[in-house]
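Dear colleague,

I am passing on the structure we spoke about, with the sequence and coordinates shown just below. My notes on what was found in it follow, and I would be glad if you read them with the structure open.

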Amino acid sequence: MALAVEEDHRMHNIIDKMFGRKVYDLNNPDMDDLKKVIVDEWNYREKIKPEMAVLARKVLNEANEAAQLLKQRFCAYGK
């Protein structure tokens, strides 16, 4: 989970879209909702941890592939 304002598109894209995790909206805070989110994250941490490890490896692999493609483009451009 993450805490972010609505305008923080990076956080929303990374945490919500890439990892499918809750981003708590600090623009509209509700303490009962925040408490529930934190308690749920804590209670399900043993399930969440391996899921996040798999997703993090996937994101890392995709980033490395994108970097290799970009490198190939730069190398081709320099010839």
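To begin with the charged contacts, the count comes to five salt bridges, in what is, please keep in mind, a predicted model rather than an experimental one.

One of these salt bridges joins Arg21 to Glu41, where the closest N and O atoms are 2.4 Å apart. Arg21 belongs to the loop between H1 and E2 while Glu41 is part of helix H2, so this pair ties together parts that are 20 residues apart in sequence. Both partners are buried, Arg21 as well as Glu41.

Another of the salt bridges is formed by Lys36 and Asp40, with 2.6 Å between the closest N and O atoms. Because these two are four residues apart in helix H2, about one helical turn separates Lys36 from Asp40. Asp40 counts as partly exposed, its relative accessibility being 28%.

Asp8 and Arg10 also form a salt bridge, and here the closest N and O atoms are 4.0 Å apart. Arg10 is exposed, with a relative accessible area of 65%.

Turning to the rings, the structure holds zero aromatic pairs, but the charged end of Arg45 does sit over the ring of Trp42, at 3.8 Å from the centre of that ring.

Two of its members lie in loops: Val5 in the one between strand E1 (2-4) and H1, and Leu26 in the one between strand E2 (23-25) and H2. As a separate distance, the C-alpha atoms of Val5 and Val54, which are 49 residues apart along the chain, are separated by 27 Å.

Lastly, a word on confidence. The mean pLDDT of the protein is 90, and 97% of its residues reach 70 or more. Confidence is lowest in helix H1 (residues 9-18), where the mean is 84, and highest in helix H2 (residues 31-43), where it is 93.

With best wishes

Key. Residues are numbered from 1 along each chain as its sequence is written. This is a predicted model: local features need pLDDT of at least 70, side-chain atom pairs count only at pLDDT 80 or more; totals for chains, interfaces and linings use all residues. Side-chain values use heavy atoms; hydrogens and water are left out. Rings of Phe, Tyr and Trp (its six-membered ring) pair if their centres lie within 6.5 Å; planes under 30 degrees apart count as stacked, over 60 as edge-to-face and the rest as tilted. A charge sits over a ring if NZ of Lys or CZ of Arg is within 6 Å of the ring centre and within 35 degrees of the ring normal. pLDDT is the predictor's confidence in each residue, from 0 to 100. A salt bridge is a side-chain nitrogen of Lys or Arg within 4 Å of a carboxyl oxygen of Asp or Glu. Buried means under 20% relative accessible area, exposed over 50%, partly exposed in between (1.4 Å probe, protein chains only).
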